[in-house]
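This briefing covers charged pairs and a nonpolar patch on a protein surface. Look at the sequence and the structure first, then read the points below.

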Amino acid sequence: MESMARGGTRWKRFALVMVPSVAATAAIGVGLAQGALAASFAVSGQEFKVTAGKLVGTGFSQYGGVDMGYKDLKGDEKVAHPVAISTFKNASITKMCQSVVTDVPFVGKITLRLTAGDKGTDVKAEKLYLDVSELDANARFENIDIGVAAKDTDNPEGGPGPAGKGPAVKDTSILPNGFAQQADRAILTGVEQKAWATTAGTFELSGLSMRLHKGDGPKVECY
């Protein structure tokens with residue numbers, strides 16, 4: 001970790017260091033006991049991959065949570081998935097790709113691949129929440145606070161607030177006094193992540209392209 005001028009912090013290979021795994025794991029027991037969900041819906045039995053050339057976000061915060069979802073593509077059994085919830089009041093994304101693989105009976109593996117923001121106009125999002133299980137990127141944070149309580153990252157109206165820099169906390173019953181981090185601005189490049197859910201107040205995908213590809217792997221998935 002390298003300290004930069006005026007409160008900037010740069011981390012090469014940002015790999016879920018923002019929320020220790022013990023915090024996310026602890027969120028399972030506490031979250032389930034309180035009926036807490038990170039996502040506002042039961043997530044599918046499939047993680048999906050996302051890449052981005054660059055993500056610039058303002059009003060950043062991150063804390064541990066739990067996504068409840070289906071165990072797999074068959075049946076109704078649900079399981080808990082610990083996640084790191086990365087939130088942004090506003091985000092601009094260049095060269096975004098999202099892919100998910102489904103094993104279709106009698107056909108084989110089919111990859112659904114979506115791309116946007118790669119034709120000169122960035123993807124734009126407001127009140128963006130990313131429920132992430134894996135993340136690799138190069139990252140720079142400006143005016144970062146490490147170790148703030150999750151409930152104190154809440155500043156939904158963009159006012160001065162005592163401490164909050166992020167959007168409204170997604171679910172205040174998820175470890176409200178638990179470990180969190182926040183920053184005025186975050187810049188991530190070379191992003192590769194796996195996620196269970198993404199939600200946003202608005203999501204504008206310029207140059208949207210969606211295609212189905214036979215097979216899986218880096219040639220047809222995002223990575």
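A residue is called buried under 20% relative accessible area, exposed over 50%, and partly exposed in between (1.4 Å probe, protein chains only). The model is predicted: local features need pLDDT of at least 70, side-chain atom pairs count only at pLDDT 80 or more, and totals for chains, interfaces and linings use all residues. Residues are numbered from 1 along each chain as its sequence is written, and side-chain values use heavy atoms, with hydrogens and water left out.

**Salt bridges**

- The structure has eight salt bridges, each a side-chain nitrogen of Lys or Arg within 4 Å of a carboxyl oxygen of Asp or Glu.
- Asp118 pairs with Lys119, with 3.5 Å between the closest N and O atoms.
- Asp118 is partly exposed because its relative accessible area is 36%, whereas Lys119 counts as exposed because its value is 62%.
- Lys109 and Asp216 form a salt bridge at 3.3 Å, N to O.
- This pair connects distant parts of the chain, 107 residues apart: Lys109 is in strand S5 and Asp216 in the segment after strand S9 (209-214); strands are DSSP runs (E, at least two residues), numbered from the N terminus.

**Nonpolar patch**

- Leu112, Met210 and Leu212 make up a nonpolar surface patch with about 300 Å² of accessible area together.
- Patch residues have over 30% relative accessible area and no salt bridge, with nonpolar side chains (Val, Leu, Ile, Met, Phe, Trp, Tyr) joined within 5 Å and like charges within 9 Å.
- Accessible areas come from the Shrake-Rupley method with a 1.4 Å probe; for residues, only the protein chains shown count as cover.
- Leu112 lies in strand S5 (residues 108-116) and is partly exposed, at 31% relative accessibility.

Technical notes: Helices (H or I, at least four residues) and strands (E, at least two) are DSSP runs, numbered from the N terminus.
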